[in-house]
Amino acid sequence: MVQTFEEKTLNSTSTNVQIENLVKKFGQTTAVHEANIDIRSGEFMTLLGPSGCGKTTILSMILGIIDATSGTISFNGEPINHIPMNKRDVGMVFQNYALFPHMTVSQNVAFGLDMRKVNKDEKKKRVQEALEMVQLDGYGDRFPRELSGGQQQRVALARALVIRPKVLLLDEPLSNLDAKLRKDMRIQLKRLHDELGITIIYVTHDQEEALSLSTKVAVMSKGFIQQIGSPQDIFLNPVNHFVANFVGYSNFFEGSLVEEKGDKFLFKSKDGLQFLVKKNGRHRIGDNVVLTIKPENLRIVDKEHPDMNELRGQVLVSDYVGSTTGYDVKTENGQILKVNVLGLEPYPIGKKVILHFNPDQMLILDKE
Amino acid sequence: MQQPAARKTDYLLLLPALIPIAVLFVYPLIKGVLLTFQPTGESGFTLDNYIRFFTEPDYYMTIFRTLYLVVPAAFLELLFAFAITYFIRGKFKGKGFIAGLLIFPLTLGSLIIDMGIIAFFKPNGWFNQFLMGIGIIDEPLTLVYNYWGAFIALFILGVAFLSSNLIGMMDSIDPNLEQAARSLGASEFTTFRRVFYPLIRSNLLTVFGLNLIMQIGVYTSAIIVGNPASETRTFAVVAFEEAMRYFNYNMSNTVAVVMATTQLIVIAIIFALRKRGFVGSASTFK
């Protein structure tokens, strides 16, 4: 029943978005520092970061709610900084959906078309198509308060898309939905993006959402863009401590690279631990860095005495979740490390173990 | 745990609260209405009081005088209060101070405001001296002890009352709604007309109605800065005169009943208008 919308009236003109040296200051505080983001047409770009990192500020500047302090935002090479927000042709889905409570679903969706003086027949057709697209045909005469959260969100999506925006902006659209609905909506969003080929800029603090939906992710913290790349890039090669932590790494060691040993570095942590770690192209001897290893790459080995890249520890917590078991292991210097082991291996609480750190699976990160 | 179903006798527990209300409010109300159907100082039934009210100009003109004073004032108050509160909506530094200034007259009460009006607007007061000083007028304007004195007093209190209500109402409208309209292509004016106004309309009519019926009962300002003998001879002025000067409680209550009826008609009209538009919460729901 879902048709392809490319040939139909909902297709939108593809737009690429360039953000150059964008700065936003609120009084003394700088919310966004010199942001540079290049978004190709048809891309699903996610701004990922904790609250207060500046992601929503960037979105608001693209939408036109607030003005940039300096820098430019361009659509297809044309700066839009000075275009008022009602002339920007940007579709927006607000976190709380912002449906007009005094209008029916159809009137909500038709609002943007009324503003564009679309004639009656075409308006009816396009509203109908937009509602079909979000699988809400038949709901046109209801009021927003009569809809569930997920349905309201789809109305908001239809309302933003029906005007054939150059860019679609989404501000944490899934955060008010329950877990199951969130997953459904994620799949729907992905499908819409594939069908419409529209440029999407998406803001979220949920790394799973970001990795699953996006073609490109920008991780932000404290107003700075920390890393831009494909979801795989971000997840497999986080550049610094913040990004790694945010996308789910744990087990961090602060220290420096002290020696070169063939294709490996010798790392010495602040509290004297030593690890061999595979070289990467970015770091050299003397660099202060952070070392990390994913819980699933840490191994518990059966032996009496630790060798190089091995630490003694004691099991603190064992968390069996079916396919894996997560352990919290306290090392001799007091650090608590996370270890994931496939299946159920019998390491009772209090058991002394030895942890093995594979040099190839340790990542060298910049300090923030 | 489930609440046990209420038994009929449980309602007896309401009696301690209902008795004072009945004694202090319902009984005088009924007594007052009954008085209007009795000849002065006697028992019996008569419509004379109402016949007098609606045939003697001294009485029936109070309806028009009151409305002629109060209705234009109420509209002007609404316009001003709306414009000011619309302008200061949202969060910004110093808003509390501006809001405080707007609402301040409510804390003073009409008597003090009336004294202020006399000092400020009297023929040799600051207002007239200023206008004459800059050469707009040659003769001082008569702005107290007439229609305009009462009008100004109503205006000050009305704007304060309306503003105190409107500030909260405007802030309860989610700013995202206006931003959504703007992003969909609406100009600022269209956003106001199609989104902001429809959402505040029902609240606006409610406070407008409340303010209007409150002002229909105007007394202090009509006496002190108005001209209670003719132009500002409102319901309350006549009712007070009948009761306290002529000791005619029957007629006094008749005036009060006509005033209450006028208020009810006004509020009925306003609520009928209110129902024609969107009535409901203007906040976004999740």
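**Figure 1. The kink in helix α3 of chain B.** In this predicted model, α3(B) carries a kink of about 25°, and the kink is centred on Ile63(B). The helix covers residues 57-87 of chain B, which makes 31 residues in the run. From its first C-alpha to its last, α3(B) reaches 45 Å, and this is close to the 45 Å expected at 1.5 Å a residue.

**Figure 2. The bend in helix α9 of chain B.** Helix α9(B), formed by residues 188-216, has 29 residues, yet its end C-alpha atoms are only 36 Å apart. A straight helix at 1.5 Å a residue would reach 42 Å, and α9(B) falls short of that span. Within this helix there is a bend of about 50° at Tyr197(B), and a proline, Pro198(B), follows within four residues.

**Figure 3. Helix α7 of chain B, its span and its burial.** The end C-alpha atoms of α7(B), residues 147-171, are 35 Å apart, which agrees with the 36 Å that its 25 residues should span at 1.5 Å a residue. Helix α7(B) is also mostly covered, since 19 of its 25 residues are buried.

**Figure 4. Strand β3 of chain A and the strands that pair with it.** Strand β3(A), made up of residues 44-48, is mostly covered, with five of its five residues buried. Phe44(A), Thr46(A) and Leu48(A) point one way from the strand, whereas Met45(A) and Leu47(A) point the other way, and all are buried. Strand β8(A), residues 199-204, runs parallel to β3(A) and is joined to it by five bridges; within this pairing, Leu47(A) has Val203(A) as its bridge partner. Strand β9(A), residues 216-221, likewise pairs with β3(A) in the parallel sense, here over four bridges, and the bridge partner of Thr46(A) in β9(A) is Val217(A).

**Figure 5. The two assigned domains of chain A.** The domain assignment divides chain A into domain 1, which takes in residues 17-89 and 164-241, and domain 2, which takes in residues 252-366. Taken over C-alpha atoms, the centres of domain 1 and domain 2 of chain A are separated by 34 Å. Four residues from domain 1 and four residues from domain 2 of chain A take part in the contact, and the side of domain 1 that touches domain 2 consists, by class, of two nonpolar and two polar residues, with no charged residues.

**Figure 6. The side of chain A that touches chain B.** Here 21 residues of chain A are in contact with 23 residues of chain B. The elements of chain A that give two or more residues to this side are β6(A), residues 90-93, and α2(A), residues 105-115, and the largest share, three residues, comes from α2(A). Sorted by class, the side of chain A that touches chain B has 13 nonpolar, six polar and two charged residues.

**Figure 7. The setting of these views within chain A.** The secondary structure of chain A comes to eight helices and 20 strands, and along its principal axes the C-alpha trace spans about 80 × 45 × 40 Å. Chain A has 368 residues, of which 40% count as buried.

Definitions and conventions:
Residues numbered from 1 in each chain as written. Chains lettered and ligands numbered in written order. Predicted model: local features only at pLDDT ≥ 70, side-chain atom pairs only at ≥ 80, totals over all residues. Buried ≥ 20, exposed ≤ 12 C-beta atoms within 10 Å, placed from the backbone. Domains from an automatic or database assignment. Contact = placed C-beta atoms within 7 Å. Nonpolar A, V, L, I, M, F, W, Y, C, P; charged D, E, K, R; others polar. Expected span 1.5 Å × (residues − 1). Bend = angle between axes of the 7 residues up to and from the residue. Pairing = 2+ DSSP bridges.
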